[in-house]
Amino acid sequence: ILQYLKGGLDSNSTAAHDFFPHGYPWLLFLLDRIGLLSPVSITFINILSVFISCRLLTKIVPVSNKLLFWGLVMLSFVNIKHYTLPLADQLFVMLFMAGIYLWSEFFKGKRKYLLPCLLITVISIYVRTAGIALIPAIAFQMIYLNRHQIARRKALIYGSGIVIIAAIILFIQNISLFEKKADYILQLNLMLMI
């Protein structure tokens, strides 16, 4: 994908029609453009991403010995093995954790976090499709926070259930349409899963 973005491949190449989100290749492309794309910069970004992820996690979940936790995560074999690889994994985890942290702050009443929440959510999805997991989490949190008001309105509960079931049925009936619109949905082979 990076070769395609740099103009090294034509528009009929596999990379031009790749089903993966292009967020990470764009980061590599920008680093290349400013002359910073190297094993050192990749390693630095990955280590920084893991460290920030640890920091965010300890802000969300109480950890009694943060220094020990950070040390164990930073020195984990899995992380050490991936520090030098040009993969989106560590960057995605950082963005995902940032999304969780910002949304949790937003739901605590800090409304100024709304724009950063939306921005991080979109970037997270653009780096890895798995970032889409933030959206149902946000919806469930909104339902949970308003559960008492929702419970008082039986029609709202039944209506929501009908809408959700109808949406699932429509999605299943139109999977081929969604697969034509987004190659990574085709790659998931949803009909086989269903």
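Q: Which helix holds F69?
A: F69 is found in helix α4. Keep in mind that this model is predicted.

Q: How do I read the burial of F69: buried, exposed or partly exposed?
A: Buried means under 20% relative accessible area, and exposed means over 50%. F69 has a relative accessible area of 22%, so F69 is partly exposed.

Q: Which residues does F69 touch, beyond its sequence neighbours?
A: Leave out residues up to four places away in sequence, and F69 touches C54, L57, T58 and V63. Take T58 from that list. T58 and F69 are 11 residues apart along the chain, and their C-alpha atoms are separated by 8.7 Å.

Q: Where is W70, and is W70 buried or exposed?
A: W70 is also placed in helix α4. Apply the cut-off of under 20% for buried. W70 has 17% relative accessibility, so W70 counts as buried.

Q: What does W70 contact?
A: Neighbours within four places in sequence are set aside, which leaves F51, C54, R55 and T58 in contact with W70. There is also a C-alpha distance to read: W70 and S53 are 9.6 Å apart in space and 17 residues apart in sequence.

Q: What is the volume of the second largest pocket, and which residues are closest to its centre?
A: The second largest pocket holds about 200 Å³ of space. Its lining has 13 residues, and V50, S53, V73, N79 and V93 are the closest to the centre. The elements that give two or more residues to it are α3 (39-60), α4 (66-74), α5 (77-82) and α6 (89-107).

Q: How do the residues of that pocket's lining divide by class?
A: The lining of the second largest pocket has 8 nonpolar residues, 4 polar and 1 charged.

Q: Where does H82 sit, and is H82 buried or exposed?
A: H82 lies in helix α5. Its relative accessible area is 18%, so H82 is buried under the 20% cut-off.

Q: What lies around the side chain of H82, and which residues does H82 touch?
A: Start with the polar pair. A polar atom of the H82 side chain lies 2.8 Å from the backbone oxygen of V78. Then take the contacts. Residues up to four places away in sequence are not counted, and H82 touches N46, L87 and Q90.

Q: Is Q90 buried or exposed, and what is Q90 in contact with?
A: Q90 has its place in helix α6. With a relative accessible area of 6%, Q90 is buried. Neighbours within four places in sequence are left aside again. Q90 is then in contact with N46, S49, V50, S53, N79, H82 and Y83. Among them are V50, S53 and N79, which are also listed as closest to the centre of the second largest pocket.

Q: How do α7 and α8 pack, and which residues meet?
A: Read the angle, then the distance. Helix α7 (residues 114-127) packs against helix α8 (residues 134-145) at about 145°, and their axes are 10 Å apart. From α7, T121, S124 and I125 meet L134, I135 and I138 of α8. By class, this contact has 4 nonpolar residues, 2 polar and no charged ones.

Q: How many helices and strands does the chain have?
A: The protein chain has 13 helices and 0 strands.

Q: What share of the residues is buried, and what share of the contacts joins residues 24 or more positions apart?
A: Of the 194 residues, 30% count as buried. Among contacts with a separation of 6 or more, 52% come from residues 24 or more positions apart.

Notes
Residues are numbered from 1 along each chain as its sequence is written. This is a predicted model: local features need pLDDT of at least 70, side-chain atom pairs count only at pLDDT 80 or more; totals for chains, interfaces and linings use all residues. Side-chain values use heavy atoms; hydrogens and water are left out. On a 1 Å grid over the protein atoms alone, a cavity is a set of points where a 1.4 Å probe fits but cannot get out, and a pocket is an open set with protein on both sides within 12 Å along at least five of seven lines; lining residues have an atom within 4 Å of a point. Grid points are joined across faces, edges and corners, and a volume is the space filled by probe spheres set on the points. Helices (H or I, at least four residues) and strands (E, at least two) are DSSP runs, numbered from the N terminus. Ala, Val, Leu, Ile, Met, Phe, Trp, Tyr, Cys and Pro count as nonpolar, Asp, Glu, Lys and Arg as charged, and the others, Gly among them, as polar. Axes are lines fitted to C-alpha atoms, for helices over the stretch in contact, and angles run from 0 to 180 degrees between N-to-C directions. Contact means heavy atoms within 4.5 Å. Buried means under 20% relative accessible area, exposed over 50%, partly exposed in between (1.4 Å probe, protein chains only). A polar contact is a pair of N or O atoms within 3.5 Å; within protein, one must be able to donate a hydrogen and the other to accept it, and residues adjacent in sequence count only if both atoms are side-chain atoms.
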